[in-house]
Amino acid sequence: MKFDPSQQPELQYMRLLGPCADVRPIVPADAAALFPLVHRQTAVTDMLVWNGPKDLAELEAGYANWRRGERETGRDYMFVIRPAAGGDPVGGCGIRFSRTPGVGNIGYWLGEAHWGKGYMSDAVALLCWLGFERLGAQRMEALCLGHNVGSQRVLEKNGFVRDAGWQPDAELHDRHAAPEGVELCELRFVLERTDWSPRPGFPVVAEVLLTEDEA
Ligand SMILES: CC(C)(COP(=O)(O)OP(=O)(O)OC[C@H]1O[C@@H](n2cnc3c(N)ncnc32)[C@H](O)[C@@H]1OP(=O)(O)O)[C@@H](O)C(=O)NCCC(=O)NCCS
């Protein structure tokens, strides 16, 4: 069946909680805690297609609309990640539905002090649950650099597999640089709806408010 983005349920609000991560729409007030985690933090931004914000105001402005794009062409949703146990934001993540209909592209980052604590394994599981169970995704995808071992592990733990046939475009070297001695390459990971099943007992809490298509 052909996927029509205008038929896709639209997210009005959500809060998803896993054992480690609490994921909800990002708002300008989150910028104060997130700014020091990403401003001039090359360990983080070298892995992203984003150099980080130039100042706090730019980050606040960027978080003014957690839901971008048009329903007809596909939405781009941005979320903040907090520890499930409570506390300040530790990073951000999102799903973009605006490129190929029915395909959710995910992106994510954490401040370096928060790496290795399981936050992103949880957050990606929650994004997949949201995409497949609530937003009608047929496939979830993620791009990551070949030397980003942590990101690949997060994806593999969540059932993503490497798309061996995929080739990055010619602008890869404009978008990214690799550490000295490392050959730059970009990988695409995919998870088909038919290969996905929710992790048992997951999410711990799911509050999802949708606008269903009336047509
Ligand atoms: C990559 C990143 C998202 C990983 O998130 P995280 O919360 O630290 O990952 P988790 O704690 O959930 O770990 C998941 C698994 O990956 C492993 N892992 C995490 N970072 C790793 C690293 N740098 N090298 C090797 N393994 C790593 C963990 O050991 C764990 O494996 P296990 O469960 O088998 O023990 C985080 O390091 C980050 O934000 N990096 C900078 C931005 C970035 O790379 N974004 C993604 C762009 S594609």
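This is a predicted model: local features need pLDDT of at least 70, side-chain atom pairs count only at pLDDT 80 or more; totals for chains, interfaces and linings use all residues.

Student: OK. How many helices and strands does the chain have?

Tutor: Six helices and ten strands. Both are DSSP runs numbered from the N terminus: helices are H or I with at least four residues, strands are E with at least two.

Student: What's the radius of gyration of the chain?

Tutor: 17 Å, which agrees with the value near 17 Å for a compact globule of 215 residues. That's taken over C-alpha atoms, and the globule rule is 2.2 Å times the number of residues to the power 0.38. The C-alpha atoms fill a box of roughly 55 × 40 × 35 Å along the principal axes.

Student: What share of the chain is buried?

Tutor: Buried residues make up 31% of the 215. Buried means 20 or more other C-beta atoms within 10 Å of the residue's own, exposed means 12 or fewer, and partly exposed is in between, with C-beta atoms placed from the backbone.

Student: Which residues touch the most other members in the largest nonpolar core?

Tutor: Ile81, Ala123, Val124, Leu126 and Leu127, out of 46 residues in that core. The largest share, eleven residues, comes from helix 4 (residues 119-134). A nonpolar core here is a set of buried Ala, Val, Leu, Ile, Met, Phe, Trp, Tyr and Cys residues joined through C-beta atoms within 7 Å.

Student: What does Val124 contact, leaving aside neighbours within four places in sequence?

Tutor: Ile106, Tyr108, Val154, Leu155 and Asn158.

Student: Switching to helix 1, which of its residues are buried?

Tutor: Ala31, Leu34, Leu37 and Val38. They cover an arc of only 125° around the axis, so they sit on the same side of helix 1; the arc is that of the directions from the helix axis to the C-beta atoms. As a general point, an α-helix has 3.6 residues a turn, so residues three or four places apart point the same way.

Student: And what do those buried residues pack against?

Tutor: Helix 2, helix 3 (56-62), strand 5 and strand 6.

Student: What follows helix 1?

Tutor: Arg40, whose phi is positive, near 55°. Arg40 is in the loop between helix 1 (31-38) and helix 2 (42-45), and counts as exposed because it has 11 C-beta neighbours inside 10 Å.

Student: Where's the cis peptide bond?

Tutor: Between Phe202 and Pro203, with omega about 0°. Pro203 is in the loop between strand 9 (186-192) and strand 10 (205-211).

Student: Which way does strand 7 pair with strand 9, parallel or antiparallel?

Tutor: Antiparallel, over seven bridges, with strand 7 covering residues 139-145. Strands count as paired if DSSP finds at least two bridges between them. Met140 has Leu191 in strand 9 as its bridge partner. Strand 8 (residues 161-162) also runs antiparallel to strand 9, joined by two bridges, and Arg162 stands opposite Phe189.

Key:
Residues are numbered from 1 along each chain as its sequence is written. Two residues are in contact if their C-beta atoms, placed from the backbone, lie within 7 Å.
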